[in-house]
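Look at the structure first, then read on.

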Amino acid sequence: MSINECPDRSKAPETQPFGELSLPEANIIYHSSGAKIHVFDGAEGSVCRLTMIWPGGEADSSFCGRMSLALQAIKDGNATMSPSAVADCLDYNGARLVLSAGKHTSMLRLICANSRIGRVLPVVLDCVLRPAMPQKSIDILLENAAMSVALAERQVMSRAMKAAARLIYGVSHPAAREATPELIRSLTRDDLILSQQTVCNTVNGLDIYVAGKVTPEVLATLDESISRFASQASGHGIAPEYSPMCPEAPGVATEHIAGALQSCIVMAFPSITRDNPDYQALRTTVMALGGYFGSRLMSNIREDKGLTYGIQAALLGEREGAYISISSQQDTSNTDIVINETISEIEKLRTGLLDNTELERLRNHAMSEIATVLDTPFSIADYRMCEVTEGMPDDYYHRLQQQVRTITAEKIRDMARKYIDPAMARTAIATCP
């Protein structure tokens with residue numbers, strides 16, 4: 001078709017099934033310092049994204065939220081630059097710095113033009129090595145965080161998710177520890193420096209992911225910066241402890257929020273981990289239940305009955321274990337009927353079969369989702385990071401697409417019967433009294 005020709009929009013475009021998808025391997029560089037550098041080259045623009053991941057996160061701290069605060073404080077200057085000077089350096093060079101903590105990892109991500117990485121990366125690493133963290137900045141950071149936590153206590157989704165975490169992990173599990181405004185305000189500058197320096201002031205266990213247009217010049221700058229960082233780093237890092245989930249007994253936990261106009265429901269089911277041969281088939285089964293717009297729960301509860309704007313289900317695999325989560329928000333008057341309709345759809349999945357149209361739609365969506373991993377060097381790097389942080393098997397990507405291609409309606413029914421029993425649900429509800 002020439003540029004001057006218009007497509008015939010009365011005819012659907014031709015489609016064809018996906019072929020075998022292959023996930024590219026990283027180019028691994030073992031740095032002399034001991035850090036492991038994963039390189040994903042291939043972007044068109046002269047931009048790179050550098051992600052540094054250290055072992056140690058929220059579940060390794062005294063309460064969830066402490067490590068995130070310690071990481072956020074990294075932006076607040078270094079031994080030679082004030083917080084405003086660091087911010088000006090990032091802004092002037094068009095760079096973006098993102099800091100976050102997972103359950104057992106801490107992440108620093110720097111995004112900038114290739115031509116600017118040599119100016120920005122040394123400044124950022126100096127903030128990690130010798131953080132200034134002025135008391136005034138720390139006071140503002142802690143007060144803002146305390147106010148955010150206090151606000152979240154009045155939000156139904158936040159309360160329901162916290163209650164569900166206690167039910168699925170167990171009330172004493174590190175992943176179920178909660179931040180409170182009082183705990184946050186009790187932190188000191190020394191507490192944050194200790195947390196950040198213990199985890200990040202080291203190259204021990206450090207994985208570095210570089211994605212984008214990764215030129216020899218970018219790698220040379222990275223090599224020089226990491227060598228300097230390693231020579232000055234004084235920490236030893238930590239070894240995360242992975243405590244198995246210890247779910248509470250099946251049942252319902254209700255959180256009351258005065259004045260709430262909506263309710264939030266989170267149904268959780270302890271499940272199998274990624275190393276189980278059934279995991280990929282169960283993942284597809286959960287997707288059929290509530291993992292995409294054409295799923296059973298969305299079609300019934302949202303589209304047909306209009307009880308909620310959205311309801312979703314997912315199989316979540318972690319190092320501590322795995323669970324199935326079904327969540328929704330709705331008018332408080334619809335809470336009971338949404339629960340009943342959710343159970344009804346689970347039972348239908350356990351006893352009936354998907355027809356060929358629904359099965360094909362499910363396969364197409366699942367394969368499209370798998371294919372998006374290959375979109376860019378950044379998405380490939382993100383997936384490879386999850387392999388490390390979540391402990392995914394090396395052949396997981398291949399096994400997943402093989403399962404999607406071959407799964408049958410009978411297999412989906414059998415997976416639902418085996419692993420999604422409404423009697424085993426741990427249900428958290430946040431609503432008005």
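## Helix H12 against H14

The axes of helix H12 (residues 356–372) and H14 come within 9 Å and cross at roughly 160°. That makes H12 roughly antiparallel to H14. Angles under 35 degrees count as roughly parallel, over 145 as roughly antiparallel, 65 to 115 as roughly perpendicular and the rest as oblique. The crossing of H12 and H14 is left-handed. Left-handed means that the near helix is turned anticlockwise from the far one by less than a right angle; right-handed means clockwise.

H12 brings Arg363, Ala366, Met367, Ile370 and Ala371 to the contact. H14 brings Tyr397, Leu400, Gln401, Val404, Arg405 and Thr406. Contact means heavy atoms within 4.5 Å. These residues divide into 7 nonpolar, 2 polar and 2 charged. Ala, Val, Leu, Ile, Met, Phe, Trp, Tyr, Cys and Pro count as nonpolar, Asp, Glu, Lys and Arg as charged, and the others, Gly among them, as polar.

## How to read the model

This is a predicted model: local features need pLDDT of at least 70, side-chain atom pairs count only at pLDDT 80 or more, and totals for chains, interfaces and linings use all residues. Residues are numbered from 1 along each chain as its sequence is written, and side-chain values use heavy atoms, with hydrogens and water left out.

Helices (H or I, at least four residues) and strands (E, at least two) are DSSP runs, numbered from the N terminus. Axes are lines fitted to C-alpha atoms, for helices over the stretch in contact, and angles run from 0 to 180 degrees between N-to-C directions.

## Helix H9 against H14

H14 (residues 396–406) also packs with helix H9 (residues 279–290). Their angle is about 55°, and their axes are 9 Å apart. H9 and H14 are therefore oblique to each other. H9 passes H14 in a right-handed crossing.

On the H9 side are Tyr279, Gln280, Ala281, Arg283 and Thr284. They meet Tyr396, Arg399, Leu400, Gln403 and Val404 in H14. This contact has 5 nonpolar, 3 polar and 2 charged residues.

## The sheet of 6 strands

An open sheet of 6 strands runs in the order E1-E2-E6-E3-E5-E4, with mixed pairing. Two strands pair if DSSP finds at least two bridges between them. Strands E1 (27–30) and E4 (96–101) are at the edges, and each pairs on one side only. E1 and E2 (residues 36–41) run antiparallel, joined by 4 bridges. Asn27 has Val39 in E2 as its bridge partner.

Which strands does helix H13 touch? H13 (residues 377–389) packs on E2, E3 (47–55), E5 (105–113) and E6 (207–212). Its direction makes about 165° with that of E6.

## Stacked rings

The structure holds 4 aromatic pairs. In one, the rings of Phe40 and Tyr209 have centres 6.4 Å apart and planes at 10°, so the pair is stacked. Rings of Phe, Tyr and Trp (its six-membered ring) pair if their centres lie within 6.5 Å; planes under 30 degrees apart count as stacked, over 60 as edge-to-face and the rest as tilted. Phe40 lies in E2 and Tyr209 in E6, so the pair ties together parts that are 169 residues apart in sequence.

## The sheet of 5 strands

A second open sheet has 5 strands in the order E7-E11-E8-E10-E9, with mixed pairing. E9 and E10 (residues 322–331) run antiparallel, joined by 8 bridges. Helix H10 (residues 296–304) lies across E9 and E10, at about 160° to E9.
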